[in-house]
Amino acid sequence: MITDNDMNHLRRCVELATEALEAGDKPFGSVLVDDSGKVLREDRNRTNTVDATYHPEIAVAKWAAQNMTPEARAKAVVYTSGEHCAMCSAAHAWAGLGRIVYISSSKQLSTWMNEMGITSTSPINSLSIPEVAPDVPVEGPIAGLDEEIKALQQRSFQKG
Ligand SMILES: [Zn+2]
């Protein structure tokens, strides 16, 4: 179940995704929140401005692995604008992090790309989080906010 607090963190993910797009990166953003609801880390996609593996989901997982106890990681939540890719799902699971709440699914992203006639250039298979990390609790998509992500993705595709 999605609380008002969850929605606040998800809205921040939309802001981070917007910031990424405006900086020339892909529109994805993530927030790492501890057990008490405190934001520990946030990041955005930097695949054009840093390197091709710089997804925010793996960035916050690595930060958690380096800076949090295993107990704290297990209770932490990662909010994200788009469902984790296989690389990021794996990093999340290896870091022993807790719940993931995503706004839009990988399946939605594929559908939106098809609608726009965009051919995926992803070098990896599109897998859902449970296909990669079956023990991670997952919630999403989030109706309403997913339309905002769709609009950002469409802007990103139009940029080429
Ligand atoms: Zn990823």
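Which residues does Lys-150 touch, not counting residues up to four places away in sequence? In this predicted model, the partners of Lys-150 are Trp-112 and Glu-115. Lys-150 itself is found in helix H7, which runs over residues 145–159. With a relative accessible area of 17%, Lys-150 falls under the 20% limit and therefore counts as buried.

From Thr-111 to Phe-28 the C-alpha to C-alpha separation is 17 Å in space, while the two residues are 83 apart in sequence.

We can now turn to the fold as a whole. The protein has seven helices and five strands, and reading along the sequence gives the pattern α-β-β-α-α-β-α-β-α-α-β-α. Its radius of gyration is 14 Å, which agrees with the value near 15 Å that a compact globule of 160 residues would have. Along the principal axes, the C-alpha trace spans about 45 × 30 × 30 Å. Of the 160 residues, 47% count as buried. Contacts between residues at least 6 apart in sequence were also examined, and 61% of these join residues at least 24 apart.

The protein donors of the zinc ion are ND1 of His-55 and the SG atoms of Cys-85 and Cys-88, at 2.1 to 2.3 Å from the ion. Along the chain, these donors follow the spacing H-x29-C-x2-C. His-55 lies in the loop between strand S2 (39–44) and helix H2 (56–67), whereas Cys-85 lies in the loop between strand S3 (77–82) and helix H4 (86–94), so this pair ties together parts that are 30 residues apart in sequence. Is Cys-85 buried or exposed? Its relative accessibility is 19%, under the 20% limit, so Cys-85 counts as buried.

The side chains include 15 positive and 21 negative ones, and the centres of the two sets lie 4 Å apart.

Key: Residues numbered from 1 in each chain as written. Predicted model: local features only at pLDDT ≥ 70, side-chain atom pairs only at ≥ 80, totals over all residues. Heavy atoms only, no water. Donors = N, O, S within 2.8 Å, 3.2 Å for Na, K, Ca; no water. Helix = DSSP H or I, 4+ residues; strand = E, 2+ residues; numbered from the N terminus. Buried < 20%, exposed > 50% of the residue type's maximum accessible area, 1.4 Å probe, protein only. Rg over C-alpha atoms; globule rule 2.2 N^0.38 Å. Contact = heavy atoms within 4.5 Å. Lys, Arg positive; Asp, Glu negative; His and termini not counted. Charge placed at Lys NZ, Arg CZ, Asp CG, Glu CD.
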